[in-house]
Amino acid sequence: MLRENNQMLQAIIHASPLAIIVLDTEGRIKLWNSAAETIYGWREQEVLNQPLPTVPAELQADMERDHQAALTGHSFTNYETKRLRKDGTFIDVSISTAPLTDAAGQTTGVVALVADITERKRAEEQLRRREQELTDFMENATVGLHWVGPDGLVLWANQAELELLGYRRAEYIGHHIAEFHADQATIGDILSRLSRGDELHNYEARLRCKDGTIRHVLISSNVYQENGQFIHTRCFTRDITERKRAENDLLQMAAIIESSDDAIISKN
């Protein structure tokens, strides 16, 4: 039975997807399973009874400190660090350790379970970089952007939105969006329609700047939801003040021409 149990244990150790490494009290390798060979590149016969070859020089002191801590009964779970492969490349690993004891309760070594998390860390870094790029894109977009919560409070605004209206960030974010609309009926209609799940496309509105002037804008907006719950609006604000001014000038000119009793001749 004991022999069968040992055979079963050996089969489990070498079938494990985790590297299983056993070090004695001096830090020499006593067990190096198949997954350790795959992760690190060294074959078992190359490393048995040798110190760990996987620790970069700059991390050697940390490894020795952790080894001594494990020998005194401390365990580590999912400790993330860098290690070296035989080919000289670095990999990211997650290490869990525990002390080994004999039948008399004496500590005889340390067992370490190691997972290669290089791909996970690479994916996390790519995700972090994409999030950083998206944040930079939104913050520095040339069109005004802002989010409004279900209570009407401004949750976030980019620099273009703040510059359009002349407010500092603290003067805009956290305030009710109605404070910045010149026409209360307009913002009431906007919030009502968005709360119903409608989308707005080029909705004309008038916004009040910090200096008291009015900017004519087109607002396009919809609601970001999670599990059917209103989280915040996504609003794009496009300034059309100059266009509206030009349109008004043309209308005034047309009215003057229409009301004039004198002949008006245009020469090219």
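This is a predicted model: local features need pLDDT of at least 70, side-chain atom pairs count only at pLDDT 80 or more; totals for chains, interfaces and linings use all residues.
Residues are numbered from 1 along each chain as its sequence is written, and side-chain values use heavy atoms, with hydrogens and water left out.

**The overall picture**

- The chain's secondary structure comes to nine helices and 10 strands; helices (H or I, at least four residues) and strands (E, at least two) are DSSP runs, numbered from the N terminus.
- The chain has 268 residues, and 35% of them are buried. Buried means under 20% relative accessible area, exposed means over 50%, and partly exposed is in between (1.4 Å probe, protein chains only).
- Take the contacts (heavy atoms within 4.5 Å) between residues at least 6 apart in sequence: 40% of them join residues at least 24 apart.

**The nonpolar cores**

- A nonpolar core is a set of buried Ala, Val, Leu, Ile, Met, Phe, Trp, Tyr and Cys residues joined through side-chain atoms within 4.5 Å.
- The largest one has 23 residues, and the members that touch the most others are Leu165, Tyr172, Ile177, Phe180, Ile190 and Val217.
- At least two residues of this core come from each of β7 (154-157), α6 (159-165), α8 (184-195), β8 (200-208) and β9 (214-226).
- β8 gives the largest share of this core, with four residues.
- Another core lies apart from that one; it has 19 residues, including Trp42, Val55, Leu59 and Ala112.

**Salt bridges**

- Side chains of opposite charge can pair when their charged atoms come close.
- A salt bridge here is a side-chain nitrogen of Lys or Arg within 4 Å of a carboxyl oxygen of Asp or Glu, and the structure holds 23 of them.
- Glutamate 80 pairs with lysine 121, with the closest N and O atoms 3.1 Å apart. This pair links distant parts of the chain, since glutamate 80 sits in strand β3 (residues 76-84) and lysine 121 in helix α5 (residues 118-139), 41 residues apart.
- Glutamate 80 is partly exposed at 37% relative accessible area, and lysine 121 is partly exposed at 28%.
- Glutamate 124 and arginine 120 also form a salt bridge, at 3.1 Å from N to O. Both are in helix α5, four residues apart, which is about one turn of the helix.
- Glutamate 124 counts as partly exposed at 39% relative accessibility, as does arginine 120 at 38%.
- Glutamate 125 meets arginine 129 in a salt bridge too, at 3.2 Å from N to O. These two are about one helical turn apart because they are four residues apart in helix α5.
- Glutamate 125 is partly exposed at 30% relative accessibility, and arginine 129 is partly exposed at 43%.

- Asparagine 78 has a phi near 50 degrees, which is a positive value in a residue other than glycine. Asparagine 78 lies in strand β3 and counts as exposed, at 51% relative accessibility.
- Asparagine 202 has a positive phi as well, near 50 degrees. Asparagine 202 belongs to strand β8 and is partly exposed at 43% relative accessibility.
- Leaving aside neighbours within four places in sequence, serine 94 contacts Asn78, Tyr79, Glu80, Leu113, Val114, Ala115 and Ile117.

**The largest pocket**

- Rolling a probe the size of a water molecule over the atoms shows where empty space is left.
- On a 1 Å grid over the protein atoms alone, a pocket is an open set of points where a 1.4 Å probe fits, with protein on both sides within 12 Å along at least five of seven lines.
- The largest pocket has a volume of about 160 Å³; grid points are joined across faces, edges and corners, and a volume is the space filled by probe spheres set on the points.
- Its lining residues (those with an atom within 4 Å of a point) are Thr25, Glu26, Gly27, Pro51, Leu52, Gln60, Met63, Glu64, His67 and Gln68.
- That lining divides into three nonpolar, five polar and two charged residues. Ala, Val, Leu, Ile, Met, Phe, Trp, Tyr, Cys and Pro count as nonpolar, Asp, Glu, Lys and Arg as charged, and the others, Gly among them, as polar.
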